[in-house]
Structures are given as structure tokens and as C-alpha cells.
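Subject: Structure handover

Hello,

My notes follow below it.

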Amino acid sequence: MNGWLKNYSEKIMQTNSYLHRIIDIVLYLVVFFLIQYFVILGVGAVSTWNSGLPMSEFISNAYHGAIDLSGKLMVVVSALSSIITLAVFVYSKWAPVSRVWLASHPWTALAWVVWLALGTILPSEWIIDQLQVSIPSSTAKMFEDIMGEPAGYLAIGILAPIAEELVFRGAILRTLLKMFDRKLHWLPIVISALVFGAVHGNVPQFVHASLMGLLLGWMFYRTDSIAPGVVFHWINNTVAYLMFNLMPQMADGKLIDLFHGDSQSMWMGLGFSLCILIPSLLQLYVRLKRTCE
């Protein structure tokens with residue numbers, strides 16, 4: 001009888017633990033979105049007041065979800081949202097920050113992370129092309145406004161990767177990994193990748209972010225550090241920023257347009273990318289595995 005009560009009690013405690021962790025994950029996502037929402041409202045209100053326009057007009061626009069901000073202000077929104085997110089998640093200890101992994105492992109591992117990120121760019125773009133679905137015009141315009149600004153790189157290329165890795169790997173995936181047996185580590189990685197893709201709110205970005213999320217989650221699982229993910233994310237966003245500013249005609253183009261319509265060159269480019277991606281994965285499989293031993 002006592003054994004039965006003990007087992008029942010343990011099951012209740014385990015169930016409560018799962019529920020608490022699910023609530024924690026929901027809390028992380030809600031806070032992540034609320035920070036962005038209130039920063040947009042705050043920046044929009046200040047901009048309206050500074051322009052001498054009636055606040056009633058701003059309130060009406062906010063109510064209908066039609067706050068129109070310039071590129072410079074969108075950079076402010078993005079940067080400020082990332083900074084506040086970092087402050088909240090670090091201060092609340094939702095995503096513990098440590099230099100242990102960086103201090104105890106050679107930087108050559110991060111060099112392979114850079115190569116891995118570069119090797120995923122063309123294959124990911126090719127996969128998105130096969131979907132034949134475009135990013136919504138409003139989302140595309142927002143990114144164009146941000147990346148068209150010189151300071152946009154600070155927001156998109158540096159602050160966003162750190163903030164998003166802290167939230168989606170440092171907090172959400174870390175919590176998910178505690179909910180599953182170590183042998184099922186792939187399940188929380190997949191779940192976190194899908195969540196990461198879903199928050200982007202459209203099909204092309206969902207596919208790209210989910211695929212990248214699998215690699216980011218895998219690296220976090222092996223290192224218990226967001227450092228490799230931040231480097232990967234930084235390279236990915238940096239390439240996007242450079243492509244937009246150096247080749248603006250590619251903003252709405254397909255991968256084959258990068259090769260001037262030459263399909264043979266495109267396939268050679270994809271093959272070359274795989275020649276970078278596969279060895280990088282193998283190298284990281286060995287190098288990151290050692291961090292768990």
C-alpha cells in the first residue's frame with residue numbers, strides 16, 4: 001500500500017513538474033512578444049508626439065494595428081526590443097549565461113560553425129523556392145526598411161541573434177530538454193525548432209527558421225551554450241544584410257536569379273555549398289561531442 005502511494009505521489013509530482021515547465025515556456029513566448037509590442041507602441045507614441053500629431057490618431061492606428069514607422073524607427077524598435085529582452089531574460093535567470101564553454105574550448109569549433117552557416121544559405125533558399133510562396137508584403141517591407149538603414153545591421157546582424165538565441169535556445173530549449181529523457185533529446189530540439197519557425201509568422205520564414213532551428217538546437221544540446229548558435233545566427237543574418245545592400249535586385253528574386261538564370265551554375269553552387277555544409281557538420285559532430293564527455 002505504501003509503495004502504491006509513493007508511486008502515485010511521484011507521478012503527481014512529475015505531472016506538476018511538466019505543467020510548470022510548459023507554463024514557463026508559454027511565459028517566455030508571451031514576454032518575448034509583449035516586449036516587442038510595447039516597444040512598438042512606445043516608439044510610435046513618442047514619434048507621434050514629436051511630430052505634433054494628435055495622440056487620438058495614434059491611438060486609433062494602434063487599435064487597428066496600423067502603426068506606420070519609418071526605417072530608422074523600426075531599427076530603434078528592433079534594437080530596443082532585443083536589449084530589453086536580453087535584460088529581462090538574464091535578470092530573471094530564465095536563460096543562464098556562462099562563459100564556461102567558450103573558456104574551455106578552442107575557437108576553431110566556432111570557425112566550423114561559421115562554415116556550417118555559410119553552407120546552409122543556398123540549400124535553404126532552394127528549398128524555400130520550391131514552396132513557391134512569398135513572404136507577405138508587410139513583412140518584406142519591414143525588413144527592407146530595417147536593412148536599408150546603416151544602423152540596421154546592429155539590430156538585425158548583432159542584437160537580434162543574441163536575443164533570439166537566449167530566448168529560443170537558452171530558455172525554451174533548455175526547459176524542453178528537462179522534460180524528456182536524454183535518449184529523446186531530438187524531440188525537444190524538433191519542438192523548439194518548430195516554435196522558432198512559427199513565431200516568424202509566414203511560410204517561407206517558418207521553413208527557413210525551422211531548418212536553422214534544428215541545427216541551432218543540436219549545437220545547444222551538445223554544448224549547453226548559446227555561443228555557437230549566436231555565431232551561426234550572426235552569419236546567417238549578416239549574409240542577408242549584405243545581400244540586400246549589395247544586390248538589392250535579389251530582394252524578391254529566386255535563387256536562380258543569383259546565377260543570372262543559369263541552372264547549371266545554380267546546381268554547381270548548391271553542390272559547392274554541400275561540400276562546405278557536410279564536412280562542417282562532421283567536424284562539429286566530433287568537436288562538439290567532446291564538450292559533453
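Is Arg174 buried or exposed? Arg174 counts as buried, at 15% relative accessibility. Buried means under 20% relative accessible area, exposed over 50%, and partly exposed in between, with a 1.4 Å probe and protein chains only.

First, the ground rules. This is a predicted model: local features need pLDDT of at least 70, side-chain atom pairs count only at pLDDT 80 or more, and totals for chains, interfaces and linings use all residues. Residues are numbered from 1 along each chain as its sequence is written, and side-chain values use heavy atoms, with hydrogens and water left out.

Salt bridges

The structure holds four salt bridges (a side-chain nitrogen of Lys or Arg within 4 Å of a carboxyl oxygen of Asp or Glu). Helices below are DSSP runs (H or I, at least four residues), numbered from the N terminus.

Another links Glu149 with Lys72, at 3.5 Å, N to O. Glu149 belongs to the loop between helix H6 (137-147) and helix H7 (152-177), and Lys72 to helix H3 (residues 71-91), so parts 77 residues apart in sequence are tied together. Glu149 is buried at 19% relative accessibility. Lys72 is exposed, at 57%.

Arg169 and Glu165 also form a salt bridge, with their closest N and O atoms 2.7 Å apart. Both lie in helix H7, four residues apart, about one turn of the helix. Arg169 is buried at 1% relative accessibility. Glu165 is buried at 1% as well.

Nonpolar core

The largest nonpolar core has 57 residues (buried Ala, Val, Leu, Ile, Met, Phe, Trp, Tyr and Cys, joined through side-chain atoms within 4.5 Å). H7 gives the most to this core, with 11 residues. Ile172, Met219 and Phe232 have the most contacts inside it. Leaving aside neighbours within four places in sequence, Phe232 is in contact (heavy atoms within 4.5 Å) with residues including Val113, Leu116, Met212 and Met219.

Surface patch

A nonpolar surface patch of about 750 Å² includes Leu19, Ile22, Val30 and Phe38. Patch residues have over 30% relative accessible area and no salt bridge; nonpolar side chains (Val, Leu, Ile, Met, Phe, Trp, Tyr) are joined within 5 Å, like charges within 9 Å. Areas come from the Shrake-Rupley method with a 1.4 Å probe. Val30 lies in helix H1 (residues 2-51) and is partly exposed, at 40% relative accessibility.

Best wishes

Methods:
Helices (H or I, at least four residues) and strands (E, at least two) are DSSP runs, numbered from the N terminus.
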